[in-house]
Amino acid sequence: MRLSLNTVTVKERWGLADCIEGCARHGIPGISPWRDVLQAMGVEAAAKRIRDAGLVVTGLCRGGMFPAVDAAGRAAAIEDNRRAIAEAHAIGARCLVMVCGGLPPGSKDLPGARQMVCEGLHAILPEARAAGVTIALEPLHPMTCADRSVLSTLGQALDLCDELGAGTGVALDVYHVWWDPELAQQVARAGSRIAAFHVCDWKVPTTDTVFDRGLPGEGVIDIPAIRRMVTAAGYAGGFAEVEILSKRWWSEDPDAVVAEIKERHAQFV
């Protein structure tokens with residue numbers, strides 16, 4: 001499930017058409033789909049359906065996954081990201097969220113993987129700028145460094161934005177950055193480059209580091225404090241996207257989950 005107040009994408013139980021209708025029914029003004037459900041519906045059909053529902057597309061998830069074992073794999077990743085940019089443009093997404101990718105299979109070369117990410121981003125930036133699609137780098141918790149993202153801190157993401165220049169920003173997900181002792185400093189540094197703000201909670205204990213996220217208020221993250229940082233930094237997007245990757249919540253009735261999230265959003269975000 002990816003829900004934002006903003007967005008609903010309850011991938012296990014709803015298709016994208018159901019998510020669009022569910023957002024409208026529950027008074028949620030925006031949506032941030034994942035590419036698989038977008039492609040399953042058809043990009044043009046989805047774009048029309050979203051427009052007809054009057055929803056803001058706060059982002060498209062995800063691009064990235066640049067590191068690969070050989071040049072052919074890296075070229076294929078770049079072409080896939082170019083397709084992602086075109087999809088984001090077609091649905092009017094405010095940004096394309098980048099999960100940059102982990103170590104290539106069999107590799108232990110972390111600096112090399114980070115260089116592949118940098119090179120891949122440089123390669124796609126001309127298309128993104130031409131399309132008016134902001135590339136939003138999302139740092140992921142260090143536990144994902146090997147398999148999902150070699151970009152682990154907000155500071156690293158901003159350093160890369162500094163190098164890449166115009167057309168880039170960051171997607172700040174509290175699940176991935178709440179632990180960072182430099183968070184306040186780096187959020188202030190990010191300023192208007194914050195392109196998306198994702199919220200959920202870190203449960204104790206966490207039984208699965210990918211698929212056991214909590215609803216706001218279920219865990220230990222001080223979400224209101226981070227939201228205040230983001231607002232003070234100048235985040236102009238307005239939306240706080242509730243992103244719940246959770247086998248538990250995916251098994252519940254989607255309408256009931258959305259209603260619960262709306263209540264918790266009002267109380268804990």
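Residues are numbered from 1 along each chain as its sequence is written, and side-chain values use heavy atoms, with hydrogens and water left out. Because the model is predicted, local features need pLDDT of at least 70 and side-chain atom pairs count only at pLDDT 80 or more, while totals for chains, interfaces and linings use all residues.

Salt bridges were defined as a side-chain nitrogen of Lys or Arg within 4 Å of a carboxyl oxygen of Asp or Glu. The count under this rule is 17 salt bridges. Helices (H or I, at least four residues) and strands (E, at least two) are DSSP runs, numbered from the N terminus. Exposure is given as relative accessible area, where buried means under 20%, exposed means over 50%, and partly exposed lies in between (1.4 Å probe, protein chains only).

One of the salt bridges pairs Lys48 with Asp52, with 2.7 Å between the closest N and O atoms. Both residues belong to helix 3 (residues 43-53), where a spacing of 4 residues separates Lys48 and Asp52 by about one helical turn. Lys48 is partly exposed, at a relative accessible area of 46%, and Asp52 is exposed, at 55%.

The side chains of Arg264 and Glu260 form a salt bridge with an N to O distance of 2.8 Å. Arg264 is buried, with a relative accessible area of 18%, whereas Glu260 is partly exposed, with 26%.

The salt bridge between Lys247 and Asp208 has its closest N and O atoms 4.0 Å apart. Lys247 is in helix 10 (residues 247-250) and Asp208 is in the loop between strand 9 (194-199) and helix 9 (223-233), so the pair ties together parts that are 39 residues apart in sequence. Lys247 counts as exposed at 52% relative accessibility, and Asp208 counts as partly exposed at 25%. Elsewhere, a network of salt bridges links Arg35, Asp80, Arg83 and Glu87.

A disulfide is a covalent bond between the sulfur atoms of two cysteines. With a disulfide taken as a pair of cysteine sulfur atoms within 2.5 Å, a search of the whole structure gives 0 disulfides. Cys145 is in no disulfide, and the nearest cysteine sulfur, in Cys100, is 11 Å away. For Cys161, the closest cysteine sulfur is also that of Cys100, at 9.5 Å, which is too far for a bond. Cys145 is buried at 15% relative accessibility, and Cys161 is buried at 3%.

Two packed helices are described by the angle between their axes and the distance between the axes. Axes are lines fitted to C-alpha atoms, for helices over the stretch in contact, and angles run from 0 to 180 degrees between N-to-C directions. Angles under 35 degrees count as roughly parallel, over 145 as roughly antiparallel, 65 to 115 as roughly perpendicular and the rest as oblique. A crossing is right-handed if the near helix is turned clockwise from the far one by less than a right angle, and left-handed if anticlockwise. Contact means heavy atoms within 4.5 Å.

Helix 4 (residues 71-90) packs with helix 5 (residues 110-131) at an angle of about 30 degrees, and their axes are 10 Å apart. Helix 4 and helix 5 are therefore roughly parallel to each other, and their crossing is right-handed. Among the contacting residues are Arg74, Ile78 and His89 in helix 4, and Met116, Gly120 and Ala131 in helix 5.

Helix 8 (residues 183-190) and helix 9 also pack at an angle of about 30 degrees, with 8 Å between their axes. This makes helix 8 roughly parallel to helix 9, in a right-handed crossing. Leu183, Ala184, Val187 and Ala188 in helix 8 meet Ile226, Met229, Val230 and Ala233 in helix 9.

Some backbone features were also recorded. The peptide bond joining Cys61 and Arg62 is cis, with omega about 10 degrees, and Arg62 is in strand 5 (residues 60-64). Another cis peptide bond runs from Val204 to Pro205, with omega near -5 degrees; Pro205 is placed in the loop between strand 9 and helix 9. Met65, although not a glycine, has a positive phi of about 55 degrees. Met65 is located in the loop between strand 5 and helix 4 and counts as partly exposed at 30% relative accessibility.
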